[in-house]
Amino acid sequence: MEASSTARITCSYLDSYVGKNVIVVGKVVQIRGDEAVIDADGNITAHLNRECHLAAGNGVQIIGKVNPDLSVKVLSSLDLGTNVDLSLANLVAEVSHQNKDMFIYD
């Protein structure tokens, strides 16, 4: 079996992952019906599924597929509560891209 992984990204990496699955950690800024705005070093529109139970102001980890319009179709989500170090989450995404050979398999 071939090795593969899901890249951890922030908003600035969306255009490099169109059509691919990604992991995003951010803060829920707004919820509008079946959409949410997630701040992950920039705003990302997330299209929620029925299993998503997010709260505005809480941290969230989403796994989803990047759409051509740079929104994310959520496949799964995890509410992380209010005590999340988002600067650390952003740093992890940056480090994983600076050292792709250690973190990301294409």
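Predicted model: local features only at pLDDT ≥ 70, side-chain atom pairs only at ≥ 80, totals over all residues.
Residues are numbered from 1 along each chain as its sequence is written, and side-chain values use heavy atoms, leaving out hydrogens and water.

Let's start with the fold. The chain has 2 helices and 6 strands, which are DSSP runs numbered from the N terminus (helices: H or I, at least four residues; strands: E, at least two). Along the sequence, they come in the order β-β-β-β-β-β-α-α. With a radius of gyration of 13 Å, close to the 13 Å that the globule rule gives for 106 residues, the chain is as compact as a globular protein of that length. That radius is taken over C-alpha atoms, and the rule is 2.2 Å times the number of residues to the power 0.38.

Now zoom in on two residues. Buried means under 20% relative accessible area, exposed over 50%, and partly exposed in between (1.4 Å probe, protein chains only).

| Residue | Relative accessible area | Class |
|---|---|---|
| His97 | 12% | buried |
| Phe103 | 39% | partly exposed |

His97 sits in helix H1, and a polar atom of the His97 side chain is 2.8 Å from the backbone oxygen of Ala93. Phe103, by contrast, belongs to helix H2.

Across the whole chain, buried residues make up 34% of the 106 residues. The C-alpha atoms fill a box of roughly 35 × 25 × 25 Å, taken along the principal axes.

Methods
Polar contact = N/O pair within 3.5 Å; in protein donor to acceptor, adjacent residues only side chain to side chain.
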